[in-house]
Each structure stands twice: as structure tokens, then as C-alpha cells.
Amino acid sequence: MEEKEIGIYIHIPFCKKKCIYCDFPSYSGAELYMEPYLYALLDEITILGTKFSKYDIKSIYIGGGTPTYFKTSYIGRILETCFSCFNVKENAEITIESNPGTLGKKTFLELKRLGINRLSLGVQAWQNELLKFLGRIHTSQQVVSSVRWAREAGFQNINVDIMFGIPNQTVEEWMVTLENVCSLEVDHISAYSLKIEEDTALYSMVQNGVIHPMDECTERHMYHEGISFLRQRGYIQYEISNFAREGKKSVHNLIYWKDDEYIGFGCGAHSYINRVRWYNYKDIEQYIYTMNKNGHGMEYREYIDSNIERFEMIMMGLRLIEGVNKAEFERRFGKPLDFYYRDAISQLKRNGLLDENDSSIYLTPRGLDIQNTVLLAFLDYMG
Amino acid sequence: MPSSRQERIRNFCIIAHIDHGKSTLADRLLEETGVIKQREMEEQVLDSMDLEKERGITIKAKAAKLIYERDGQEYVLNLIDTPGHVDFSYEVSRSLAACEGAILVVDASQGIQAQTLANVYLALEHDLEIIPVINKIDLPGAQPDVVKKEIEEIIGLDADNAPLISAKEGIGIDKVLDCIIDCIPPPKGDESAPLKALIFDSFYDSYRGVICHIRVVEGTLKVGDMIRMMATGKEFEVTDVGVFMPELHPVDELKAGDVGFVAASIKNVRDARVGDTITHVDRPTKEALPGYRQAVPMVFCGIYPADGSEYDELRDALEKLQINDASLIFEPETSAALGFGYRCGFLGLLHMEIVQERLEREYDLDIVTTAPSVVYRVKKTDGQMVEISNPVDMPPEVEIEYIEEPIVEAQIITPSDYVGPVMELCQERRGNYRHMEYLDEVRVVITYDLPLNEIVYDFFDALKSRTRGFASLDYEMKGYQVSELVKLDILLNGEVVDALSTIVHKDKAYARGRAIAEKLKEVIPRQQFEIPIQAAIGNKIIARETVKALRKDVLAKCYGGDISRKRKLLEKQKEGKKRMRQIGSVEVPQEAFMAVLKIN
């Protein structure tokens with residue numbers, strides 16, 4: 001059996017309050033379900049652990065929701081179960097997402113003691129009015145303390161999530177956010193363009209005309225300004241929305257972008273392993289119910305044939321600034337990129353959206369802005 | 001003198017404006033005479049095409065034989081349904097020619113409308129006895145006395161004894177039947193003379209071939225007879241004769257005065273044209289019945305399969321439609337923008353819309369239609385006169401001496417409050433005022449000569465919107481007239497898109513060019529590159545718009561490994577792209593071609 005290194009994702013769907021832009025499986029007022037959810041989760045980890053115990057785990061990512069809204073002891077039991085069911089590597093990256101409004105000083109020490117070595121803070125914006133508008137429960141002052149406490153507790157790998165393109169956000173406000181986040185000396189920054197998803201409070205506001213989405217021109221300006229600002233501060237852009245200091249790229253997210261394998265636990269969690277992608281029920285109750293009844297919480301699964309896999313590798317790989325590695329592609333599919341995509345590649349190069357060097361194909365800055373358009377050209381050759 | 005058999009026959013039709021209740025009255029007559037029972041009756045039996053039911057109009061004429069008993073006498077009442085739209089006025093005239101009388105249905109609240117009037121004039125031309133009937137008297141807005149007066153003053157018919165009815169509620173139907181028997185003269189015609197039968201409609205039946213709806217004017221027709229179509233000269237052996245019950249019901253023979261059908265293994269409706277005269281091969285009549293003419297298409301457009309691979313399906317569908325529609329013509333054409341398709345000719349706009357809709361609904365085809373064009377006559381500098389029905393074929397400006405365009409005489413009936421807006425509209429559409437006549441204190445008929453080219457776009461919609469739906473329109477072809485016309489081209493990314501070219505009046509070219517460019521800017525999605533849209537006359541650019549390049553088309557985040565979702569979004573986007581036309585490097589959605597039609 002081949003040696004495989006995979007990732008584990010664990011979803012904690014509880015929040016103190018749901019943000020207006022969030023379309024993720026996360027629920028407020030569902031605290032009653034916390035304990036049954038924990039047991040369902042532990043069952044799922046144990047059951048799948050038996051099946052996939054032979055793989056090495058290089059990353060565990062606890063996302064949400066707000067995982068730090070879950071009891072720390074519950075997080076501990078989850079990790080213990082992972083350690084006992086899987087072969088988690090010594091130096092594995094173990095991340096937890098958290099909301100600065102849910103963290104006391106003590107929590108950081110406890111999390112660190114559980115083996116967690118990477119912290120991802122949802123900061124979003126520096127202006128308290130914008131935070132309030134977004135439905136965030138924290139202030140930027142709490143962000144400052146959280147980072148300080150985390151450092152004191154020994155966290156050497158801290159990410160912050162920030163957003164641009166928030167309705168009514170000004171370019172100045174965005175630059176202030178970047179400036180302050182950089183001065184916190186964090187290791188990794190995810191700078192996302194806010195997407196107004198259907199079935200969110202924000203979407204209805206836009207539909208009702210209460211809120212106007214930002215114009216694309218300003219939004220792109222923020223993006224491009226952000227990239228050059230962060231570069232000056234020593235954060236290297238390595239993915240469309242991600243920036244890292246030397247050696248601090250996210251091991252876990254690279255699994256997705258390199259189209260590698262992972263197992264997700266919990267409601268709404270996605271998995272991809274041995275050519276199968278599947279995801280669990282999003283609803284907490286339904287997840288717990290099917291977990292108890294059937295021993296799995298799966299809502300959907302699909303088989304990924306090599307045609308699809310080829311496209312997915314490109315779709316994900318072109319999110320990376322370094323692009324898709326030619327040798328890696330050929331190793332996986334037995335034939336070089338050119339064999340499948342020569343026409344698409346030359347057309348995209350002609351149009352200034354894509355470039356290549358000896359080792360890879362990658363998007364130009366213009367290509368990064370309209371990645372979907374580029375992918376459609378590849379999709380035409382999916383066969 | 002009518003024979004005693006003929007004494008008990010009445011052949012009649014119903015004329016009415018759309019929605020005035022023609023089909024409902026027909027249904028009631030069928031019901032009252034027991035042809036169909038109420039419970040087995042689907043609403044409006046005679047209008048059997050879906051489209052007809054939806055639009056409340058009759059596209060193809062139909063017929064039904066009603067048996068009505070009065071005072072111990074059995075009468076045969078042949079109801080001939082007529083199409084109610086101006087595009088089909090020739091068909092209407094043939095149906096009228098098969099009757100001795102007509103019931104004129106007028107809505108008690110709306111009064112006489114343009115089409116009513118047009119059809120009444122047609123009926124009077126055929127010397128029909130006209131029985132006015134005032135319908136919808138049950139409605140709150142009914143003003144039967146006002147409408148009676150209108151009928152008397154406008155049409156000059158005595159409406160004193162006009163039955164007041166409600167077809168919907170079944171009120172007064174017996175009075176209508178009495179009037180039919182008492183007022184409409186029975187048919188005449190020598191049963192032993194050489195055969196003379198008028199084809200007033202035909203349709204294709206996959207078992208029996210073409211079924212001709214006929215009115216026997218003279219002579220007798222039986223199964224086994226050898227017949228000849230006098231206009232086409234085609235000869236056939238009769239396999240069936242019968243009457244409409246309203247389904248086809250075989251009989252031994254049809255005699256002078258009868259209405260019925262004949263089938264003779266005829267393969268195509270083209271061989272049994274509406275208006276043609278049927279006679280016997282071995283004992284032919286000397287003279288055909290008057291009034292036959294070949295349908296002349298007035299409006300043309302290109303029809304293309306949205307998916308190029310459906311070209312053969314489109315041809316099959318057009319051929320099938322043509323079997324039943326002698327006035328539809330088509331021939332292959334190629335467009336640089338749209339690929340392979342067909343240039344199709346229609347009697348008018350409604351006919352065009354009907355064909356388009358039937359292709360989509362009945363044949364499940366996805367089609368792209370180009371802007372409709374009329375037939376222009378172009379006098380070239382070399383003295384040649386050419387007819388142009390596709391803007392693409394327009395010779396270069398330097399080779400043109402002059403261009404003539406078709407002109408129609410349009411009659412618009414409108415409440416007097418809207419005279420201003422109507423005249424303004426006609427003026428905008430290059431109309432030539434003829435005259436105006438007050439039908440009564442509140443209604444006016446306005447007559448204009450209008451270029452057909454101005455009517456084919458959205459004249460009817462504009463008329464309706466400017467008169468809050470009250471005005472009605474009728475038009476007929478008048479002739480050709482020299483006009484200052486130019487070919488307006490549209491360029492995308494510097495390339496002329498043939499399917500978007502139109503012919504317009506010089507004075508309107510600028511405004512129209514601008515409007516089309518603006519509209520296209522709305523419907524063409526942003527793409528990788530900036531796309532210039534230009535309108536041009538010859539080499540001269542008269543309008544320009546730009547579709548800006550796409551600035552952003554990327555997902556910021558791939559949430560928690562949800563990769564299937566992203567892939568599926570892209571696959572959906574790709575499906576959407578498939579429905580676009582690639583013109584040079586520009587992707588053009590199908591609506592773009594339709595958008596050109598909707599510009600005022």
C-alpha cells in the first residue's frame with residue numbers, strides 16, 4: 001500500500017451569533033446540541049479511523065462555526081480520539097479557528113496544551129462599526145489582546161482572516177485594517193473578498209435595496225492595493241486570497257489547493273479520499289440522527305474519474321501563485337499537461353491570462369482576477 | 001331556385017373581434033344543437049390548437065354541421081369558423097365565399113373594433129346576409145342600446161331585432177338559431193351541373209392525406225370520382241367525402257349547397273390550395289370560381305437552430321408545418337454569425353410568431369430568429385430591378401439607383417381621447433395621413449398609409465401601450481413607394497454581424513443605430529476583453545458603445561474543501577456559454593438577436 005499523507009477537517013457548527021454574510025453550517029442558539037454533537041463526532045472519527053488508519057495525518061484543522069465556543073474539554077476529547085484512531089505525524093499542523101470575542105487568556109494555554117499549534121483568528125475588519133455591521137461579536141481591541149495572549153501562550157503560527165469589499169467599506173478603512181494586522185506581526189493573513197451568498201442576511205439586505213454591494217472597480221482596487229501592501233510588509237502571496245511569512249504557508253489549505261486528500265468530520269464537512277468525494281448533512285440534528293442510525297452522516301457522494309480529477313487539479317492548482325506543477329501533473333495522469341490542454345494553454349497565454357515556465361503553468365495577475373474565465377477554457381477540454 | 005333539400009340548409013360564419021366571444025358562441029351553438037354534450041365539451045371546441053386557445057384567436061378555419069329541429073322541420077346549419085386576424089384575410093375571404101350569411105358578434109361593452117369592421121366589409125363584399133348579435137349582455141359594463149346604435153350608424157345594419165345574448169351564460173342562443181334560419185338565405189346551385197367546389201381550408205391528416213374543406217357550389221361529388229384542382233392542375237381519385245360532426249363523418253355524396261370535406265390521397269396542402277376550385281376530370285366546369293390567389297409572403301426572417309447540430313430537426317419541423325400551411329415558405333440560408341438556417345416567409349407578423357412558437361412548443365426546438373424584414377424592390381444602376389427580403393443581400397450603395405418599400409393602408413379605431421397619441425405614433429412611423437372619421441361621439445377611425453417596415457417591429461405593442469389597449473389595428477397591402485432607405489450594420493469588435501443588419505429609413509438610422517448599440521451593451525455579458533459595439537451605414541460609424549472587460553470573476557474562497565460545488569458552478573457557467581453564439585472572439589447571447597426587434 002502506498003504511503004499517503006492526508007488531512008483531517010473537523011467542523012464545529014456552533015456560534016454565539018451568526019454573521020450576516022455567513023452561509024456556512026453554523027448555528028446560534030443550538031447550545032443544547034453541543035454534547036450530543038460531540039458524541040456523534042467522536043463516533044464518526046472512530047468509525048472512519050478504523051477504515052483509514054493506515055494513512056499518515058499531516059494536518060488537523062478544526063473549523064466552524066466558532067470552535068472556541070465549544071468547551072475546550074470537548075476539543076480535547078476530539079483531538080485525543082484523532083490521535084488514537086489515526087497516525088498523526090509528530091510535526092502535524094493542528095489549527096483551530098476562533099473568534100476573538102470568545103477567548104479568555106486562559107483558553108490559549110489550554111488549547112496549546114491540547115497540542116494545537118496554529119491559531120486562526122477571525123478579525124475581518126479593524127473598524128468597530130464595520131464589525132458591528134457584519135454581526136461580529138468582537139472589537140479590534142479584543143483582537144489585539146487575543147494575539148498578545150496567544151503569543152504569551154506560545155503560539156508561533158497565527159493566522160488572521162480579514163475581508164475587503166464590505167458594503168460601505170472605504171479604501172482607507174481597508175488600508176487601516178491591513179496596517180494594523182501587519183503591526184500585530186501575525187504569520188499568515190487570509191484576505192478575502194466578501195462574497196454575498198444566497199440565503200444570508202446580507203443577501204436579503206441587498207435584495208431589499210437596503211445595502212448596495214461594492215462596485216467591482218473599488219473592490220479590485222482594494223485587492224491589488226492589498227497585495228502590494230502585504231508584499232512590502234513581508235507577506236508573500238501564495239494563493240488568490242492567502243499571504244504568508246517565510247515557512248508559514250498553511251499546510252492544511254495546501255492540501256485542498258494541491259488537490260490532495262482529506263477526511264472531514266462533522267455536519268457539512270467534506271471529504272476526498274480514494275477517488276471519492278462526499279459531504280455530510282449540514283443540519284446538526286440530521287447529522288446526529290443519521291450518525292446514530294447509520295454510523296455515518298453522509299448526504300452525498302460522487303466518484304471522481306480521471307477526467308474530473310484532471311480538471312479539479314487545475315481548478316485548485318491555479319489558485320496558487322506558483323500554479324500547477326507540470327511534473328506533478330504528469331506523475332498523476334501519465335501524460336504531460338500539454339497532451340490534454342495544449343490549445344487552452346496557448347489560447348490563454350495569447351490572451352495574457354496564463355503563463356508558464358519549465359516547471360509549471362500559473363495565472364498572470366489579470367488571470368487571477370478572472371480565474372473562472374480561465375477555468376472555463378480548461379473545462380472545454382475536459383472530455 | 002333552391003331545391004327542397006337546399007331549402008333546409010344554411011351556411012354561415014361568425015365574425016367578431018378577438019375576445020368578443022366568437023368561439024364561445026360557436027361552442028354554445030354546437031351544444032344547443034346537440035352536436036356535443038356540455039359535459040364532454042372542452043372549452044372552445046373549434047379552436048383546437050393550443051396556441052389558439054391561449055391567444056383566444058382562431059388561426060385555421062374549421063367547420064361544423066349542426067342539425068336543428070324547428071316546427072317539425074330538420075335544418076342543416078353549416079357553421080364555418082373563420083380566422084380572426086388580418087394576416088389571414090385571404091383565408092377569411094375564402095371562408096366567407098363559402099357562406100350565404102354571417103353572424104356579427106359585437107361585445108356589448110366594447111362596441112365595434114377595427115377587425116370587426118374589416119371583416120364586415122369583407123362579408124358585405126361577398127353579399128352575405130349579416131345578422132348582428134350583441135354578446136356579453138350579462139357583464140356589468142354592457143350597453144346594448146349604445147352598441148345597437150353604433151351598428152346602425154357605422155355599418156348601416158338594422159340592429160333593432162339583434163339578439164341580445166350571453167354566449168358564456170347560454171342566454172339567447174335559441175334566438176340566434178332562429179335568426180340563422182329566418183334571415184340567411186338557403187344555398188342555390190344546380191346539383192346536376194358540372195362539379196364546382198370551393199376549397200376554403202385544408203389540413204394534413206397522416207392517414208388520409210390532405211383533407212380539403214369544401215363548399216359544393218354546383219354539381220355532386222362522390223367517392224371514386226376523379227377530380228382536378230383547377231389552379232394547380234393536379235388530379236386525384238376521391239377516397240372519402242364527408243361532413244364535420246365536428247369530427248370527420250363519412251357520407252355518400254356532397255351536393256350543391258353542402259359543406260363538407262373531401263380526401264383524395266393528396267400528399268401536400270400545396271396541391272389543394274385554399275381558394276382553388278375542384279371539378280371533375282371527365283366533366284369539368286368551364287370556369288373556376290373567382291377570387292383564387294396564391295398567398296404572397298409579406299414578412300421574412302431568418303430562423304436558425306440555437307444548437308447548430310439541430311439543423312436537420314429544424315428542416316423536418318418546417319417541412320411538417322408546411323404540409324399544413326401553404327403560405328409558409330422557406331429556403332436554406334447561411335449566416336456568418338448564426339451558421340446554417342432558413343429564410344422563412346410569412347403572411348404577416350402574427351403568422352411569423354405562430355410559426356416560431358409552434359417550432360418551439362410542438363417541435364421542442366430552440367431557435368434564434370433574426371429581425372423581420374419586408375420585401376424591398378431595389379432598382380440598380382445597371383437598370384435591373386431586384387427584390388430583397390434579407391438585408392444581407394442589399395447591393396452596395398453605389399449600385400443602387402433607388403429603393404422601393406411596401407406600403408399598407410392601416411385603419412386604427414381608437415377612443416377619441418387617444419387620437420393625439422395615435423397620430424403621433426403614425427407620424428413617428430413615417431405614416432401618411434389619409435382621413436379620420438368619427439364612428440360616434442367617442443370613437444374614431446383613423447386611416448394612414450404606413451410603410452410595412454414600420455409595422456413589422458413593434459407597432460402593435462406601441463399602439464396598445466399608447467391607447468391603454470383600446471385601439472385596434474387592421475391593414476392591407478397597398479403598393480410600393482420609393483423611399484430613402486439605408487442598410488444599418490452592427491459591428492461587434494470591428495466585425496459586421498450579418499444577422500443584426502436591418503434596413504431602415506435614412507432619417508431614423510442614427511436613432512436606431514444608437515438604440516441597438518445601447519441594447520446590445522445591456523445583453524452582451526462582459527468578457528475577457530473590451531468589446532466595441534458599433535452601428536454603421538456603409539463605412540460610416542454612427543454610434544458606438546463599449547462592453548467593458550470583465551474585471552472580476554473569481555471565487556475568493558473555496559470553503560472547507562467544497563470542491564464539487566465549485567466545479568459544478570463552473571459546469572453550469574459552461575452550459576450557459578454553450579447557449580451563446582461565438583462571433584469572432586465575442587460571445588453573443590441569443591437574446592441579442594431578439595433585442596434588435598424590441599427597439600422603438
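**View 1. Overall make-up of chain A and scores of the model.** Chain A contains 15 helices and 15 strands. Of its 383 residues, 46% count as buried. Among the contacts in chain A with a separation of 6 or more, 71% join residues 24 or more positions apart. The model as a whole scores ipTM 0.89 and pTM 0.69.

**View 2. The contact between chain A and chain B.** Chain A contributes 34 residues to the contact, and chain B contributes 22 residues. On the side of chain A that touches chain B, at least two residues come from each of the following: strand 6 (188–193), helix 8 (216–232), strand 9 (262–265), strand 10 (270–273), helix 11 (306–317), helix 14 (365–369) and helix 15 (371–379). Helix 15 of chain A gives the most to this side, with six residues. By residue type, the side of chain A that touches chain B comprises 17 nonpolar, nine polar and eight charged residues.

**View 3. The open sheet of chain B.** Five strands of chain B form an open sheet in the order 2-3-1-4-5, with mixed pairing. Strand 2 (63–70) and strand 5 (129–135) of chain B are the edge strands, each pairing on one side only. From one strand to the next, the twist averages 30°.

**View 4. Pairing of strand 4 with strand 5 in chain B.** Strand 4 (residues 101–107) of chain B runs parallel to strand 5 of chain B, and the two pair over seven bridges. Within this pair, Gly101(B) stands opposite Glu129(B), a residue of strand 5 of chain B.

**View 5. Helices packed on the sheet of chain B.** Helix 1 (residues 22–32) of chain B lies across strand 1 (9–16), strand 2, strand 3 (73–80), strand 4 and strand 5 of chain B. The direction of helix 1 of chain B is at about 150° to strand 1 of chain B. Helix 6 (residues 173–183) of chain B also packs on the sheet, where it touches strand 1, strand 2, strand 3, strand 4 and strand 5 of chain B. The direction of helix 6 of chain B makes about 170° with that of strand 5 of chain B.

**View 6. Confidence along chain B.** The mean pLDDT of chain B is 86, and 93% of its residues reach 70 or more. Over residues 38–44 of chain B the pLDDT is below 50, and this stretch has eight contacts in the model beyond near neighbours in sequence. Residues 52–61 of chain B likewise have a pLDDT below 50, with 33 contacts beyond near neighbours in sequence. Where pLDDT is low, predicted coordinates should not be read in detail.

Methods
Residues are numbered from 1 along each chain as its sequence is written. Chains are lettered from A and ligands numbered from 1 in the order in which they are written. This is a predicted model: local features need pLDDT of at least 70, side-chain atom pairs count only at pLDDT 80 or more; totals for chains, interfaces and linings use all residues. Two residues are in contact if their C-beta atoms, placed from the backbone, lie within 7 Å. Helices (H or I, at least four residues) and strands (E, at least two) are DSSP runs, numbered from the N terminus. Ala, Val, Leu, Ile, Met, Phe, Trp, Tyr, Cys and Pro count as nonpolar, Asp, Glu, Lys and Arg as charged, and the others, Gly among them, as polar. Two strands pair if DSSP finds at least two bridges between them. Axes are lines fitted to C-alpha atoms, for helices over the stretch in contact, and angles run from 0 to 180 degrees between N-to-C directions. A residue is buried if 20 or more other C-beta atoms lie within 10 Å of its own, exposed if 12 or fewer, and partly exposed in between; C-beta atoms are placed from the backbone. pLDDT is the predictor's confidence in each residue, from 0 to 100.
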